[in-house]
Amino acid sequence: MILAALSLLATLSSADAVAVVLNSRNAVGVRTFSEAKEIVERDARDGKPLQQYVVGVTSEDKALAKKYLNASRDKIQNLAEKTDNPLAWYLLSMEKNDFKYLKRAADGGNVQALNALGSIALQEALQRENISTNGLVSILKTSFSCFQKAAAKRDPNGYINLGTCYLRGFGCKMDMGLAFLCFKAAADAGHPEGMDNMSACYQFGHGVEKDAERSLYWAMRGRAARGDKAATEWLENRK
């Protein structure tokens with residue numbers, strides 16, 4: 001589970017750091033992602049197979065990725081097959097682009113897999129031509145269920161995805177109030193996109209009274225979380 005607020009290196013355990021890296025830099029602020037990446041890379045250098053595999057499937061350095069994947073692949077495969085470990089199945093699905101592995105990870109409750117599976121279902125529902133109404137409803141409900149399970153584990157991406165479903169009525173009854181609460185949970189967890197959505201909610205009155213000042217505040221929070229110095233200074237001067 002990702003901690004509710006990730007700001008200091010000391011607050012991140014190895015497990016939290018892995019979750020942050022797998023959720024991508026878009027789910028947290030720049031600083032938090034950099035700190036998490038350092039922890040995972042340090043653990044990988046220390047020979048920890050899980051972190052080696054995480055670096056292997058996420059690194060843009062092809063030589064380093066190959067080195068770590070070759071060193072850890074058998075251990076992760078063994079972890080998945082012998083213990084049915086959801087994270088191991090998800091990592092294998094990333095390297096092998098295997099939907100069956102992704103499904104096993106999601107069935108085991110891995111939040112990254114749940115978000116990925118839900119996104120795949122949502123994309124299929126929105127892009128598939130000549131789909132029946134019943135078929136569309138069924139796929140959207142599958143997507144909603146995946147996001148709901150991820151959000152139940154307090155995953156920031158899960159909150160964002162679930163909020164989008166409530167905002168647009170994907171797989172559920174449209175509910176602006178619940179959408180706002182989901183976006184707020186994501187923003188409170190440090191998700192820049194959650195902050196952007198909070199800004200939009202206050203701008204357009206989605207689930208909350210319109211408030212231009214609050215809209216600007218959350219917009220600046222989102223920019224600051226992404227490393228914008230001017231936005232950071234604006235927030236500091238506002239205190």
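Cys 146 is buried, with a relative accessible area of 8%, and Cys 165 is buried at 1%. Here buried means under 20% relative accessible area, exposed means over 50%, and partly exposed lies in between (1.4 Å probe, protein chains only).

The model is predicted: local features need pLDDT of at least 70 and side-chain atom pairs count only at pLDDT 80 or more, whereas totals for chains, interfaces and linings use all residues. Residues are numbered from 1 along each chain as its sequence is written, and side-chain values use heavy atoms, with hydrogens and water left out.

The chain contains 13 helices and 0 strands; both are DSSP runs numbered from the N terminus, helices being H or I of at least four residues and strands E of at least two. The radius of gyration is 19 Å, close to the 18 Å that the globule rule gives for 239 residues, so the chain is as compact as a globular protein of that length. This radius is taken over C-alpha atoms, and the globule rule is 2.2 Å times the number of residues to the power 0.38. Along its principal axes the C-alpha trace spans about 55 × 55 × 25 Å. Of the 239 residues, 44% count as buried. Among contacts with a separation of 6 or more, 43% join residues 24 or more positions apart, a contact being heavy atoms within 4.5 Å.

Helix α7 covers residues 111-127, and its 17 residues should span 24 Å at 1.5 Å a residue; the end C-alpha atoms are 24 Å apart, which agrees. The expected span is 1.5 Å times one less than the number of residues.

Helix α5 holds both Ser 93 and Met 94. Ser 93 is buried, at 7% relative accessibility. Beyond its neighbours within four places in sequence, Ser 93 is in contact with Asp 98, Tyr 101 and Leu 102. Met 94, in turn, is partly exposed at 32%. Not counting residues up to four places away, Met 94 touches Leu 22, Val 57 and Thr 58. The C-alpha atoms of Met 94 and Val 54 are 9.6 Å apart, although 40 residues separate the two along the chain.

The loops on either side of α5 deserve a look at their backbone angles. Most residues other than glycine have a negative phi. Asp 84, in the loop between α4 (62-83) and α5, has a positive phi near 55°. Asp 84 is partly exposed, at 42% relative accessibility. Asn 97 lies in the loop between α5 and α6, and its phi is also positive, near 50°. With a relative accessible area of 71%, Asn 97 counts as exposed.
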